[in-house]
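Work through the exercises below with the sequence and the structure at hand. Each task is followed by a solution in steps.

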Amino acid sequence: MTKNGSSSPRSPWTGMVPVDDTALAVTDTGGPGIPVIYLNGHVATQGYWRRVLAELGPGWRHITYDMRARGQSKRSADSNSFETHLRDVDAVLAARGVDRALVVGWSYGGFLAAHWASRNPDRTVGAVLVEGAQPDDWLDEAMEQRIRKLFRRLSPLMVLLRPTGLTPRMTAEQIANSNIEVA
């Protein structure tokens with residue numbers, strides 16, 4: 001988006017954006033409208049947004065990406081921390097030449113969108129939060145232990161699902177920590 005608030009059309013682009021020790025798979029439709037960056041649910045990929053983009057149409061500039069260790073993005077030695085994911089939003093927008101964007105986040109992406117927008121009000125056109133960003137005081141010690149237990153129990157299934165792209169290439173502990181960290 002230019003300084004005056006309008007977006008200049010670009011050609012559609014799909015590729016890898018290098019960030020630190022990884023590369024993120026990014027798609028930019030290059031539409032003429034407001035740039036919209038879509039932030040995925042914790043184990044989702046950019047593919048989950050296809051129907052939304054089709055419904056909204058080509059008048060928007062849709063930017064989607066696979067978070068670290070998900071979809072076509074590369075695995076990272078980084079801990080996949082919340083702060084890392086916030087920095088990745090900046091990296092994707094910078095790589096695509098976007099100064100201001102509407103952020104749309106679903107589930108875990110809702111937390112990312114809320115935090116990114118609150119830290120970058122001058123770069124945020126607005127934020128749409130879907131099934132995420134609940135109050136930060138809901139997590140207690142017992143809930144934390146239930147989350148850890150759940151992901152330990154799901155670990156064998158997640159290993160089987162990993163080649164399908166339905167789960168991130170992370171350990172059960174990494175996924176549990178990532179979920180706990182946002183609370």
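Predicted model: local features only at pLDDT ≥ 70, side-chain atom pairs only at ≥ 80, totals over all residues.

## Exercise 1: The whole chain

Task. How many helices and strands does the protein chain have, and in what pattern do they follow along the sequence?

Solution. 
Step 1. Count the elements: the chain has five helices and six strands.
Step 2. Read them in sequence, which gives β-β-β-α-β-α-β-α-β-α-α.
Step 3. Of the 183 residues, 45% are buried.
Step 4. Consider the contacts between residues at least 6 apart in sequence: 68% of them join residues at least 24 apart.
Step 5. The accessible surface is about 9,200 Å², and carbon and sulfur atoms account for 56% of that.

## Exercise 2: The nonpolar cores

Task. Which residues touch the most other members of the largest nonpolar core, and which elements each supply at least two residues to this core?

Solution. 
Step 1. Identify the core members with the most partners. The largest nonpolar core has 24 residues, and I37 and Y65 touch the most other members.
Step 2. Name the contributing elements. At least two residues each come from β1 (13–19), β2 (22–28), β3 (35–39), β4 (61–65), α2 (82–95), β5 (101–106) and α3 (108–119).
Step 3. Another core of nine residues lies apart from the largest one, and F151, M158, M170 and I180 are among its members.
Step 4. Return to Y65. Beyond its neighbours within four places in sequence, Y65 has contacts that include L24, V26, I37, L39, H85, V89 and V92.

## Exercise 3: A pair of rings

Task. Why is the ring pair of Y38 and W49 classed as tilted?

Solution. 
Step 1. Start from the total: there are four aromatic pairs.
Step 2. Take the geometry of this pair. The ring centres of Y38 and W49 are 5.0 Å apart and the planes stand at 50 degrees, so the pair is tilted. The limits for this class are 30 and 60 degrees.
Step 3. Y38 belongs to strand β3 and W49 to the loop between β3 and α1 (50–56), 11 residues apart.
Step 4. Check burial, for which the cut-off is under 20% relative accessible area. Y38 has 1% relative accessibility and therefore counts as buried. W49 has 7% and therefore counts as buried.
Step 5. Widen the view: ring pairs link Y38, Y48, W49 and W106 into a cluster.

Note on methods: Residues numbered from 1 in each chain as written. Heavy atoms only, no water. Helix = DSSP H or I, 4+ residues; strand = E, 2+ residues; numbered from the N terminus. Buried < 20%, exposed > 50% of the residue type's maximum accessible area, 1.4 Å probe, protein only. Contact = heavy atoms within 4.5 Å. Areas by Shrake-Rupley, 256 points an atom, 1.4 Å probe, with all protein chains shown as cover. Core = buried A, V, L, I, M, F, W, Y, C linked by side-chain atoms within 4.5 Å. Phe/Tyr/Trp six-rings, centres within 6.5 Å; stacked < 30°, edge-to-face > 60°.
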